[in-house]
Amino acid sequence: PRKVQQADLLDAAMETFTVKGFAPTRMEDIAERAGVSKGTLYLYFPSKEAMFEALVRDRLVPNIAAAEALL
């Protein structure tokens, strides 16, 4: 079995949230896009909200800070 990394799961979450939006996205949708079981997601994130928070913290906040620095 391939080794799953949190970054891969966040990539799948970003893609899924972008296409479907937050509310209609299910953990199953993210798991399918990532090629893992739903249980695997729960090993890393206790909920969809926790996954979204990690996505914002790890992906969006650094980009916002970089954009502000350019301005």
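Predicted model: local features only at pLDDT ≥ 70, side-chain atom pairs only at ≥ 80, totals over all residues.
The protein has four helices and zero strands, so reading along the sequence you get α-α-α-α.

**Overall build**
- Along the principal axes, the C-alpha atoms fill a box of roughly 45 × 25 × 20 Å.
- Of the 71 residues in the protein, 31% are buried.
- The protein exposes about 4700 Å², and carbon and sulfur atoms supply 58% of that.
- Take the contacts between residues at least 6 apart in sequence: 53% of them join residues at least 24 apart.

**The core**
- The largest nonpolar core has 16 residues, and the ones with the most contacts inside it are Leu9, Ile30, Val36, Leu41 and Met51.
- Helix 1 (6-20), helix 2 (27-34) and helix 4 (48-70) each supply at least two residues of this core, with helix 1 giving the most, five residues.

**Helix 1 against helix 4**
- The axes of these two helices come within 10 Å and cross at roughly 100°, so helix 1 and helix 4 are roughly perpendicular to each other.
- On the helix 1 side, the residues that meet helix 4 include Leu9, Leu10, Met14 and Phe17; on the helix 4 side, Met51, Phe52, Leu55 and Arg59 are among them.
- By class, this contact has 11 nonpolar, one polar and four charged residues.

Definitions and conventions: Residues numbered from 1 in each chain as written. Heavy atoms only, no water. Core = buried A, V, L, I, M, F, W, Y, C linked by side-chain atoms within 4.5 Å. Buried < 20%, exposed > 50% of the residue type's maximum accessible area, 1.4 Å probe, protein only. Axes fitted to C-alpha atoms, helices over the stretch in contact; angles between N-to-C directions. Parallel < 35°, antiparallel > 145°, perpendicular 65-115°, else oblique. Contact = heavy atoms within 4.5 Å. Nonpolar A, V, L, I, M, F, W, Y, C, P; charged D, E, K, R; others polar. Areas by Shrake-Rupley, 256 points an atom, 1.4 Å probe, with all protein chains shown as cover.
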